[in-house]
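Please work through the following exercises with the sequence and the coordinates at hand. Each task is followed by a solution in steps.

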Amino acid sequence: MSEIQDFERAWLTKFSNCLDQAVGIDIGAQVMQGSEELSGDTDRQAVIDWSRGAMERLEKLVEDPAQRQQVMVGCACHYPQAELQEVRQRYRETGDVRVAHGMLQRKFESFLRHGLQLDEEMVQEVISQGWGLAGVLQDERTIIATKIPKSGYLEQYLQETDPEKRRQIYCHCPRIREVVASGETLPTVYCYCGAGFYQNLWEEITQRPVAVEVLESILNGDEVCKIVVRLSES
């Protein structure tokens, strides 16, 4: 099964379930209208058109921005929880966000060196950008997280000098890569799907509610997607 086929099936199921839970079955069915015709074999322009329509219906039918964001956050991919248990335990013992953040940063740098097998120059370039799992700790309650370009395109991204071409290969979501490559866009509420990765990450570590806000998005013409993560007070 291709990445796109696997992604479409899994994402549409999550989106439908999140709609039902957050705003109810009736509104969910209206937002999902036409999705039954989508598959990994659907013409990609048709998928883009449906996605835009779904986001527009979501914005029209759900007046509360927080509810719209809740729907999209629930669609996020999650970091494996089993790999967060040591971080969670150390946070529980110390109550220190800096300790948890440092552990995440070390995990991320190990992934760059040993998982992606990047040379040290590229590792330092990625770190200097503030990309990745840990983000940049602003204070004890605030983290600025910048999405790292998709792993399969990371070396190409770092070598590319054309900002528009970088934007086209940046996102982890195949649908968004296609949208940007087509010269089109979607409502940026879609980007709360990506923001949900960081919300889930820090909620698992702290065992407290976490708020996220999209600050920059390639859907708005920005070069990267940047998210502020706000942790609850202890």
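Predicted model: local features only at pLDDT ≥ 70, side-chain atom pairs only at ≥ 80, totals over all residues.

**Exercise 1. Salt bridges**

Task: Determine which parts of the chain are linked by the salt bridge between Arg-44 and Glu-8, and state whether Glu-8 is buried or exposed.

Solution. 
1. The closest N and O atoms of Arg-44 and Glu-8 are 2.8 Å apart.
2. Glu-8 has a relative accessibility of 1%; because buried means under 20%, Glu-8 counts as buried.

Task: Carry out the corresponding analysis for Arg-88 and Glu-204.

Solution. 
1. This salt bridge has its closest N and O atoms 3.2 Å apart.
2. Since Arg-88 is in helix H5 (residues 85-94) and Glu-204 in helix H11, the pair ties together parts that are 116 residues apart in sequence.
3. Arg-88 is partly exposed at 25% relative accessibility, while Glu-204 is buried at 9%.

Task: Locate the partners of the salt bridge between Glu-213 and Arg-230.

Solution. 
1. A distance of 3.0 Å separates the closest N and O atoms of Glu-213 and Arg-230.
2. Glu-213 lies in strand E3 and Arg-230 in strand E4 (residues 226-231), 17 residues apart.
3. Glu-213 is partly exposed, with a relative accessible area of 32%, and Arg-230 is partly exposed at 38%.

**Exercise 2. A patch and a helix contact**

Task: Identify the residues that form the negative surface patch, and examine the surroundings of Leu-158.

Solution. 
1. The negative patch consists of Asp-119, Glu-121, Glu-125 and Glu-155.
2. Glu-125 is part of helix H7 (residues 120-129) and is partly exposed at 35% relative accessibility.
3. Leu-158, in helix H8 (residues 154-159), has Glu-125 among its contacts beyond four places in sequence, together with Met-122, Val-126 and Trp-131.
4. The C-alpha atoms of Leu-158 and Val-126 are 8.7 Å apart, although 32 residues separate the two in sequence.
5. Leu-158 is partly exposed, at 23% relative accessibility.

**Exercise 3. Positive phi angles**

Task: Describe where Gln-117 and Gln-207 are found, and give the phi of Gln-117 and of Gln-207.

Solution. 
1. Most residues other than glycine have a negative phi.
2. Gln-117 has a positive phi of about 55 degrees; its place is the loop between helix H6 (97-115) and H7, and with a relative accessible area of 63% it is exposed.
3. Gln-207 has a positive phi near 60 degrees; Gln-207 is in the loop between helix H11 (192-206) and strand E3 (210-216) and is partly exposed at 47%.

Note on methods. Residues numbered from 1 in each chain as written. Heavy atoms only, no water. Patch = residues over 30% accessible without salt bridge, like charges linked within 9 Å, V, L, I, M, F, W, Y side chains within 5 Å. Areas by Shrake-Rupley, 256 points an atom, 1.4 Å probe, with all protein chains shown as cover. Salt bridge = Lys/Arg side-chain N within 4 Å of Asp/Glu carboxyl O. Lys, Arg positive; Asp, Glu negative; His and termini not counted. Charge placed at Lys NZ, Arg CZ, Asp CG, Glu CD. Helix = DSSP H or I, 4+ residues; strand = E, 2+ residues; numbered from the N terminus. Buried < 20%, exposed > 50% of the residue type's maximum accessible area, 1.4 Å probe, protein only. Contact = heavy atoms within 4.5 Å.
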